[in-house]
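Have a look at the model below, then read on.

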Amino acid sequence: MKQLPSISNEINEDVIFKIINKNYSKIGPYWYGLMSSWLIRSYNVFSDIDKYVILVYLINKDLIIFRKNGLIIDYDTFYSDKSIEIPKINISDISTDLKIPKESIRRKLQELEESKVISKNGKKIFVDRSAFITAKPQQTLKELTILLSKFSEILIEEKITNTVFTGDEISASLKNNFSFCWYQFYKLVFIYTNRMRNALSDLESVAIGLVVLLNSIGTKSFKVKDLNMKHYIKLAQGADEVGVNAMSLSDITGIPRPTVVRKVKRLIEADFLSINEKKRITMNIKGSSFNMAQKIQNQNIKDLSNMLHRIFNQIKVINSD
């Protein structure tokens, strides 16, 4: 693939944040879709998103080592015949980094060991080859490529650059610079999951809420709107007059219906969702919950801007002429 020019002298995080904020209706659905799909796939591996996040945390230790040593490992090489050895890791480190109680970490690690996903030798942890391949981000790579492609188009509209790179070019660049790019993506994932777990108590509730949100912003009348982030989030509330039922949420997420019903009930009580007389669930964040949601979304988009800036600069997607 041709060498794509750097953006380092053309665009920075603040500019990216402002562009996303201004064009939120164009990029927001891809952002929500990326995180929704990632959470759903994570749940479907172990029926426990936190357990999958712990597995990814262990795999990310390899990416950290590569980054510390200035090494760029491509996608195929990273997933070639190998297993991962993580030396001298302890439960307190994982608990601190993932904001999950130590006892929960201890229990989930034990379950992963019993399932032969990991094995331990003293303080060393080994990730099984099959589990390593299970975490291979094939679909996430496609979805991140789509997000980056869409952002590239927006940069054209904003006259930041005059070249739109194809999805194939972006995908190839992500793969060629995989260890660096996925370190940035996982950094975003850990920050996002920590923040959202704290806001909604558990990541399964986040997955359910995102599906309801995507259902709302996917309506024909809402999709045509050209909105900045503040107005987008505000007008998304109540945009879907039909709603989605608990069975559909269960089918989409893979979370058992009784669990969905229980978590939806709690989200309704917390003023994040609403349910009508037909048992249809819609996005309707209000009161103090809406103020909190706006604050969280602002933080999430700042972190997304940071990731986009670093990945675009590394893989040289933007023309710096």
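## The pocket, the cavity and the charged pairs

Let's start with the lining of the largest pocket: its residues split into six nonpolar, two polar and three charged. In this sorting, Ala, Val, Leu, Ile, Met, Phe, Trp, Tyr, Cys and Pro are nonpolar, Asp, Glu, Lys and Arg are charged, and the others, Gly among them, are polar. This is a predicted model, where local features need pLDDT of at least 70, side-chain atom pairs count only at pLDDT 80 or more, and totals for chains, interfaces and linings use all residues. Residues are numbered from 1 along each chain as its sequence is written, and side-chain values use heavy atoms, with hydrogens and water left out.

So who lines this pocket? Among them are Tyr57, Asn60, Lys61, Asp97, Tyr183, Phe190 and Asn194. The elements giving two or more residues to that lining are α3 (49-68), α5 (91-98) and α10 (178-200), and α10 has the largest share, with five residues. The space inside is about 230 Å³. (Helices are DSSP runs of H or I with at least four residues, strands are runs of E with at least two, and both are numbered from the N terminus.)

There is also one cavity of 30 Å³ or more, and the largest cavity has a volume of about 400 Å³. On a 1 Å grid over the protein atoms alone, a cavity is a set of points where a 1.4 Å probe fits but cannot get out, while a pocket is an open set with protein on both sides within 12 Å along at least five of seven lines; lining residues have an atom within 4 Å of a point. Grid points are joined across faces, edges and corners, and a volume is the space filled by probe spheres set on the points.

The largest cavity has 24 lining residues, with Met196, Leu210, Leu213, Ile285 and Ala293 nearest its centre. By type, that lining holds 20 nonpolar residues, four polar and no charged. Helix α16 gives the most to it, five residues. Asp303 also sits in α16 (residues 287-315). Is Asp303 buried or exposed? At 18% relative accessibility, Asp303 is buried (buried is under 20% relative accessible area, exposed over 50%, partly exposed in between, with a 1.4 Å probe and protein chains only). Beyond its neighbours within four places in sequence, Asp303 is in contact (heavy atoms within 4.5 Å) with Leu188, Ile191 and Arg195.

Now for the charges. Side chains of opposite charge can pair when their charged atoms come close. The structure holds 15 salt bridges, each a side-chain nitrogen of Lys or Arg within 4 Å of a carboxyl oxygen of Asp or Glu. Here are three of them.

| Pair | N to O distance |
|---|---|
| Glu143 and Arg41 | 2.9 Å |
| Arg197 and Asp50 | 2.9 Å |
| Glu113 and Lys120 | 3.8 Å |

Glu143 lies in helix α8 (residues 138-157) and Arg41 in helix α2 (residues 24-46), so their bridge ties together parts 102 residues apart in sequence. Glu143 is buried at 15%, whereas Arg41 is partly exposed at 28%.

Arg197 and Asp50 are both buried, Arg197 at 8% and Asp50 at 13%. Finally, Lys51, Arg107 and Glu111 are linked in a network of salt bridges.
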